[in-house]
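Open the model, try each task, and then compare your steps with the worked solution.

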Amino acid sequence: MELMSRNDFKTIIMDQRVGRGGQKWEGTSLDYLQKVMENPSLTRFAPGRIYDMVAKYGSRDVDPSLKTRGYEDLIQYKFFDGKIFGTFEAIHDIMRFLKAAARRTETGKRILIMVGPVSSGKSTIAYLIKRGLERDDSPVYAIEGCPIQEDPLHLIPHEDREFWEEKLGVRIEGELCPVCQLNVDTEYSDEDGNILWENVPVEQFRFSEQRRKGIGTFQPSDPKSQDISELIGSVNMAKLTLHGETDPRAYQFDGELQVSNRGIVEYIEILKADVKFHYVLITAAQEQLIKAPRFPQMHIDTLILSHTNQTEYDSFKADKKNEALHDRMYPIMVPYNLRVEDEIKIYDKLIKESEFANIHIAPGTLRIAAQFAILSRLVESTKVTNFIEKMKLYNGETTEEFKKQEIDLKALRLEGRDQEEGMFGISPRFIINALNIALGMKEEKNCVNPIDIIRALRQNFEHQIGITEEDQGRFLNLLIGEKDSVSYEYKQFAKKQVNIAFLYAYEEQANALFDNYMQNAAAFCKKEKVFDSITGEYSDPDEKLMRSIEELIGVPVNSRTEFRNGIFVYKTDCMESGEPFTFTSYTPLKEAIEKKLMSDLKNVVTLTIADKTSTDEKKQKRREKAFRKLVPQDREPESHVDYCDHCANMLLAFIGEVLRKEE
Ligand SMILES: Nc1ncnc2c1ncn2[C@@H]1O[C@H](COP(=O)(O)OP(=O)(O)OP(=O)(O)O)[C@@H](O)[C@H]1O
Ligand SMILES: [Mg+2]
Ligand SMILES: [Zn+2]
Ligand SMILES: [Zn+2]
């Protein structure tokens, strides 16, 4: 690393600061009117501001197969790229809610409540929105010194509002807070009792949770000791004697709802809180009002983003006592992800943030874990043969079954949704715990491979409280069942990896097979005989050999002539454009040769792997070559795509074992 001086650091820091909201604006509400005239979006309500903040990053269309539940317009917001994977529908729902809330429609006047199983990403969504607001560079203005950073348009007297609303093309909503009211009454009125509101100072501010500006968080604690002041502030006893009971100077407007004015309040585990808190929230959401004792109602403009887990929600819903609250809430389901690819990305993200960052995770490990997690979240369906099939379909894989039956993906997903698919099962956190366990079980703590994770997963759910015996049985089947299980899938995956590695070592074999085929096919096309260099005799082209290759890619007997002729047409084209014609040139033929080699390979692989001690030079060379294919020389140490020496040996040993058992 290049050494740097103190001055170098200073320069860097100053460069970093350039253009970062440094230009703090100050003026009066008169100046502010001018600003609003130029840019009416300054006066957006909080949900609208948040909507724009997210939308500004752009969006893209999602895969059509994911557009279910009448979501023809489902899009993916880039704001969440690299941070939230899958979960498009929940985010889409939130955005739709924000739009409604920005226009103050009835829908938008409810309390948004994200409902989902543990660790489905609810807190993360809230976190990202809060941080996004802090980074947002679109300006916000407030009355200077206002404890709730309120919109300066509140200064406009009611009788004049209609005029200004029309003039500026905005909506003005809400009263001055008690502090500003007192300030205006005492400092900005003339002898005749006129309020000189245009002179009131206005400042620009930035959202900051740390500084308690526009972002709040409420977390329920012991319902007995927690009181409402956490939401709506409290009387300051020391100042009470000084100013008197109804003086705003004796009140601290520092409840979470006040702090979060103009922005967002995250309400954690909302249903764990006492109902008295709910009523405060409902009025805040419905009327944009909160009431502190002995003070006039205060106008609050904030997005209440709450969350709860599924269990809590179910019992809340079932309780008749809460009926009045039900239609005041706007639940948004945040289920687990159901796509293996997205699930792997979640683990990748979590791993990068954790102490695993330097551990080698062998190819296939995270896939296995993800497959297991997804399988645990699925509901049965008569439309597919088994869970594995469903998992693959959701992942966008086109399976044989899929092609055969033309399964309607949309119907499949809708059917799942009706049965709360994704609202139960194994969580990402559970998987990361299992990775931890896997590491703990190993002597050399540098690698985790698929076998380790299978073992660790099993251990983890057998020792986890809250997993029923029935679920344990189900999970065990999904994990290590004879067929239609994660282990079975892994065996196929591992075999393929080894085969490909060996295939590579068998390049010369592939070439030989290719030459042989071409020679026979040429003779066939020209209706000639083939010269056998060993026997020195001429014989008919070897039909059996040619067919054994062609059959592998489904060339029917009666079109073999066309197929063979086709190859020579292709070959001529190649030669004419100066390209060599090898076994990889013509894709159908390449595929066929690979398949043929693979089917012959089993014995070779078995022999080579099983017989590690063999001194046969040829065998050793092949093993070495295959090994190098698995472990490239230029391997990135943390790559999840390549094997390390240790993991490659484990893989070969595993496959050796599998093949021996299959004998
Ligand atoms: N869809 C997802 N995309 C990216 N990360 C995810 C996703 N789902 C879960 N995670 C990750 O899993 C971890 C747990 O998620 P989070 O804490 O947000 O869940 P939660 O729904 O709030 O859970 P709880 O109900 O336990 O509070 C986080 O690190 C989060 O980043
Ligand atoms: Mg949470
Ligand atoms: Zn105020
Ligand atoms: Zn390794």
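Predicted model: local features only at pLDDT ≥ 70, side-chain atom pairs only at ≥ 80, totals over all residues.

**Exercise 1.** Which residue lies over the face of Phe524, and at what distance from the ring centre?

*Solution.* Over the face of Phe524 you will find Arg564, at 4.4 Å from the ring centre. Now try Phe205 in the same way: Lys213 lies over its face, 5.5 Å from the ring centre.

**Exercise 2.** Classify the pair formed by the rings of Trp25 and Tyr141, and say what the pair ties together.

*Solution.* The whole structure holds 21 aromatic pairs. For Trp25 and Tyr141, the ring centres are 5.2 Å apart and the planes stand at 90°. Planes over 60 degrees apart count as edge-to-face, so this pair is edge-to-face. Next, place the residues: Trp25 is in the loop between α1 (6-17) and β1 (26-28), while Tyr141 is in strand β5 (residues 140-143), so the pair ties together parts 116 residues apart in sequence. Finally, check the burial: Trp25 and Tyr141 are both buried.

**Exercise 3.** Work out how Tyr490 and Phe654 pair, and where each one sits.

*Solution.* The centre-to-centre distance is 5.2 Å and the angle between the planes is 35°, which makes a tilted pair. Tyr490 belongs to helix α22 (residues 486-505) and Phe654 to helix α28 (residues 645-662), so the pair links distant parts of the chain, 164 residues apart. Tyr490 has a relative accessible area of 5%, so Tyr490 is buried.

Note on methods
Residues numbered from 1 in each chain as written. Chains lettered and ligands numbered in written order. Heavy atoms only, no water. Phe/Tyr/Trp six-rings, centres within 6.5 Å; stacked < 30°, edge-to-face > 60°. Helix = DSSP H or I, 4+ residues; strand = E, 2+ residues; numbered from the N terminus. Buried < 20%, exposed > 50% of the residue type's maximum accessible area, 1.4 Å probe, protein only. Lys NZ or Arg CZ within 6 Å of the ring centre and 35° of its normal.
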